[in-house]
Amino acid sequence: MVQDKQDKDQLAQMPIDQLYQSLRTSANGLTDQQVQSQKAKYGDNVITAAKGENKLLHFLKNFTSLMAILLWVSGFIAIFAKMVELGIAIWAVNIINGLFSYWQENQAHKASDALKKMLPTQATVIRNGKSEQIDTADIVPGDILMIAAGNSISADARIISADSFQVDESALTGESDLTDKKPDYHHGEGKFDEENLIYAGTVASAGSAKAVALSTGMNTEFGKIASLTQSQQAKPSPLELELNRLTRQLSIIAISIGIAFFLAAIFFVHYPVAQSFIFALGMVVAFIPEGLLPTVTLSLAQGVQRMAKKNALVKNLNSVETLGETTVIASDKTGTLTQNQMTINHVWLPDKVFTVSGEGYVNNGQVMDGQAAVKPGQNADLDLLMKAISLNNDTTVTPNNQPGAQAKIVGTPTEASLVILAEKYQLASKQLANANPRQKELVFDSVRKRMSTVNKGQDGKLTLYTKGALDGILSITKSILVNGQVRAITDDDIKQIQAADEEYAKQGLRSLAVAYRDLDASEDLSQATAANTEQNLTFVGLTIMADPPRPEIYAAVKKAHQAGIRIIMVTGDGPITAKSVAVKIGLVSDQARVITGDELSAMADEDLRQAVKGEVIFARVAPEQKYRIVKANQANGEIVASTGDGVNDAPALKQADIGIAMGATGTDVAKEAADMILTDDNFASIIAAIEEGRTVYSNIQKFLLYILNSNVPEAFPSVLFLFSGGLIPLPLTVMQILTIDLGTDMLPALGLGSEKSEPGVMQEPPRSRKAHLLNKSIIWKAFGLYGLVASIISAGAYFFVNYAYGWPKHALSASGAVYAEATTITLAAIVFCQIAAAMNARTKYTSVFKIGLFSNKHIVTGIIFEVILISLIIYVPFLQGVFNTHALGVQEWLFLIAIPIPLILLEELRKWVVRKYFLKRNS
Ligand code: ATP
């Protein structure tokens with residue numbers, strides 16, 4: 001195994017055979033047995049997670065928050081002041097609370113770990129002389145790697161052969177220029193400059209290469225750096241920052257209130273210091289929003305899991321929040337909005353149009369001339385076109401001729417449709433390929449938008465076959481083939497071709513032009529480039545293909561629009577086809593502006609900024625131009641999500657607030673650059689993820705509303721006590737406050753975090769980035785509405801019990817059975833008000849009966865737990881002592897059970913009024 005850089009240098013210079021020998025491999029790759037023994041020796045090819053924080057420390061953190069420390073200290077003081085039971089009880093509650101938040105954190109971690117496992121990257125290797133796809137984690141030293149543009153490189157390796165191979169080593173070197181890599185050893189100046197070595201953590205940007213893996217996992221250069229820098233902490237997200245701020249502010253308020261109450265207790269009520277402290281502590285605990293952070297983390301993690309079920313894998317929790325804010329989606333067309341199921345339905349020749357029957361990747365159709373099927377040998381021009389598309393093609397298809405079967409395509413859907421066309425034509429493709437071996441390939445790129453091959457015919461002559469976007473091909477065409485004759489192409493010919501193309505494009509069909517040229521014997525193939533070879537072509541014809549919109553796209557687009565999200569189509573396809581499809585699926589109106597890539601290049605940034613404000617489509621653009629479109633939108637203050645799949649999409653994906661890569665057709669580079677990966681490449685999944693993002697945020701607000709509102713009835717009794725100068729004995733003891741805050745409230749609150757999307761979340765405009773989590777409406781509801789009502793009910797219950805025992809004739813009792821019973825009913829009344837609050841907080845506007853009173857299992861279980869807990873506290877003799885409670889009778893229980901009913905009905909009435917008179921929704 002190669003451990004350090006020195007060894008690698010030696011291996012870089014060794015003759016290949018010797019290299020194979022020293023790695024115990026060969027040109028045929030490793031055998032299964034060798035793989036096994038290498039694996040046993042070197043382990044998985046993974047960068048192991050940071051050793052990071054000590055586990056114990058991590059655990060203890062949950063017991064050392066500001067609130068926890070307060071509780072530890074209070075326990076001491078209580079014990080010191082001879083209130084031993086109280087002291088121990090405070091500690092016990094503190095421990096339970098700490099354990100709970102540790103559990104929450106762990107759950108969230110597990111969820112994100114599970115997600116990481118769903119994102120394995122694959123590599124192509126040669127083993128046992130055959131090429132196979134394996135998880136990158138299974139690569140071992142000695143494996144022969146086949147690397148193509150767009151692949152990430154996942155081991156340090158030496159290049160054996162390369163074709164125009166370039167890598168982006170910026171992850172390792174910080175320099176963004178592409179580096180050429182070749183099989184020959186040549187040592188440059190920098191650390192990673194050897195021309196024939198490639199490194200894990202970098203990506204292949206162009207061309208292809210074959211390489212032998214030298215080292216894997218933590219032994220790679222990347223692994224070594226990672227082990228040094230892993231302790232770096234992730235940057236906190238805006239949501240985390242806001243939560244931290246909120247917790248800090250609320251804690252300051254809580255402590256100020258605590259101090260005020262402490263002083264008031266000493267000076268107004270003349271309480272002993274220790275008792276005053278414990279009393280004030282109740283207030284502090286009531287107001288500190290403990291459990292906020294872990295609950296939020298957990299609900300984000302749960303949101304991520306729900307998104308994964310809807311085919312959207314989010315790489316980090318922060319993105320969930322950003323998704324909910326998205327205002328613009330820049331989306332590819334082919335495969336994202338459409339099915340990427342190309343079917344050729346016409347072949348257009350200058351003097352004749354053929355129709356093609358059958359749909360999808362099924363080869364049971366025919367090429368028809370009117371009613372008659374056409375076969376090879378009947379039309380020479382058609383024969384030539386078919387020959388061109390068959391030779392100039394790198395795709396293989398296993399058609400889905402059996403019902404229910406999926407077509408298997410190795411290559412691109414566009415080329416697959418051409419393969420199927422040739423099959424329908426009954427072209428003997430294999431024999432043709434054998435008789436006309438390929439001598440040269442000028443690969444497709446999204447700037448030229450075409451691809452060419454040079455094939456050697458049986459007569460020894462070389463012919464160039466080109467296929468690609470019509471506009472580009474016409475610009476390099478000199479002649480035209482009509483009815484077996486080649487003649488100079490005229491302006492009229494061009495007009496006729498363009499008119500035909502436009503006619504199809506208007507129907508949303510895309511064309512691919514086919515042309516050829518017989519090469520001169522003098523042309524040197526080794527010097528051939530696209531620029532010097534793709535010229536003076538003879539135009540043959542057009543293949544016309546349909547790529548139907550995805551069936552679910554119509555509803556998804558409508559939903560996005562209702563949610564105030566604009567969609568900008570950015571496609572490599574032609575302007576007329578693009579617009580026709582966009583109009584058809586409801587993306588834009590007929591008035592939309594279409595900007596082509598060429599126009600975009602000439603456009604000033606300011607003009608682009610103006611243009612993207614309106615209805616606009618970008619057509620015939622290269623992926624690298626997407627970056628500018630994303631930036632222009634961001635400059636307008638938009639939160640932009642952008643899709644992409646190729647190497648050149650990476651800058652746009654990185655720049656976007658949410659980069660979205662295609663899971664099925666996307667390159668590793670795009671997936672690496674993205675924040676979210678669509679496993680089904682489907683636009684509708686983006687909208688589903690945005691809906692989840694919005695839901696998670698609003699659930700956090702619901703949770704906040706719930707935990708804040710109980711503060712008011714918890715504080716109210718203490719206020720009564722203080723303001724009456726002690727005449728009204730404390731209606732709720734400190735232990736009872738702790739019970740609510742750290743006990744009964746917890747589980748229903750957690751349940752709110754997993755509430756399903758409220759109907760209507762996608763009918764509101766996107767949330768503003770400036771909007772605060774804790775807004776006026778929540779404050780007013782928590783403190784003004786729910787809180788006040790609960791205070792009145794619980795204090796009312798307190799006085800009612802006293803009344804039953806003779807108050808106001810006798811003074812309110814401050815100890816003994818009556819006092820215990822009165823405080824017990826106060827406590828229980830608050831708990832039952834909280835049951836109503838949990839139900840009420842579940843929706844903002846919608847009737848809770850509409851979403852189903854019992855539809856959230858977690859809340860229902862939470863409430864059951866809450867009632868059991870409070871019953872234990874009320875009835876178990878030992879707990880009665882600790883919590884100063886007293887058994888309640890049937891009548892009192894009837895009163896308690898009745899509490900939530902009017903509270904829920906009242907809130908329903910309020911929601912109804914809001915729905916009827918105040919709610920403005922997009923539709
Ligand atoms: P989108 O950008 O929405 O995914 P697209 O698939 O049309 O759309 P590109 O893949 O960049 O975008 O293709 C651009 C154009 O290049 C196509 O419209 C087509 O004319 C041409 N083209 C695509 N694939 C090939 C190919 N394999 N050989 C030759 N030309 C091709």
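The domain bounds used here come from an automatic or database domain assignment. The structure itself is a predicted model. In that assignment the protein has domain 1 (5–50 + 113–230), domain 2 (56–109 + 234–288), domain 3 (312–338 + 551–681), domain 4 (343–546) and domain 5 (697–922). Between the C-alpha centres of domain 1 and domain 5 there is a distance of 60 Å.

Helix α9 comprises residues 238–267 and helix α27 comprises residues 711–723; their axes come within 10 Å and cross at roughly 35 degrees. The crossing of α9 past α27 is left-handed. On the side of α9, the contact is made by Phe261, Ala264 and Ala265, and on the side of α27 by Ser718, Val719 and Leu722. Sorted by class, this contact of α9 with α27 has five nonpolar residues, one polar residue and no charged residues.

A second pair of helices is α35 (residues 890–898) and α36 (residues 900–918), whose axes come within 5 Å and cross at roughly 15 degrees. Angles under 35 degrees count as roughly parallel, and α35 and α36 are therefore roughly parallel to each other. Leu896, Ile897 and Ala898 in α35 meet Pro900, Ile901 and Pro902 in α36. The contact of α35 with α36 has six nonpolar residues, with no polar and no charged residues.

Helix α20 covers residues 575–584, and its buried residues are Thr577, Ala578, Ser580, Val581 and Ala582. Which elements cover the buried residues of α20? The cover includes the helix α17 (491–506) as well as β21 (510–518), β23 (566–570) and β25 (616–619). Just after α20 comes Gly586, which takes a positive phi of about 85 degrees.

The last stop is a loop residue, Asn340, found between β9 (328–331) and β10 (343–349). Is Asn340 buried or exposed? A residue counts as buried under 20% relative accessible area; Asn340 has a relative accessible area of 18% and is therefore buried. Leaving aside residues up to four places away in sequence, Asn340 touches Thr334, Gly335, Tyr361, Pro413 and Asp547.

Methods:
Residues are numbered from 1 along each chain as its sequence is written. This is a predicted model: local features need pLDDT of at least 70, side-chain atom pairs count only at pLDDT 80 or more; totals for chains, interfaces and linings use all residues. Side-chain values use heavy atoms; hydrogens and water are left out. Axes are lines fitted to C-alpha atoms, for helices over the stretch in contact, and angles run from 0 to 180 degrees between N-to-C directions. Helices (H or I, at least four residues) and strands (E, at least two) are DSSP runs, numbered from the N terminus. Angles under 35 degrees count as roughly parallel, over 145 as roughly antiparallel, 65 to 115 as roughly perpendicular and the rest as oblique. Contact means heavy atoms within 4.5 Å. Ala, Val, Leu, Ile, Met, Phe, Trp, Tyr, Cys and Pro count as nonpolar, Asp, Glu, Lys and Arg as charged, and the others, Gly among them, as polar. Buried means under 20% relative accessible area, exposed over 50%, partly exposed in between (1.4 Å probe, protein chains only). A crossing is left-handed if the near helix is turned anticlockwise from the far one by less than a right angle, and right-handed if clockwise.
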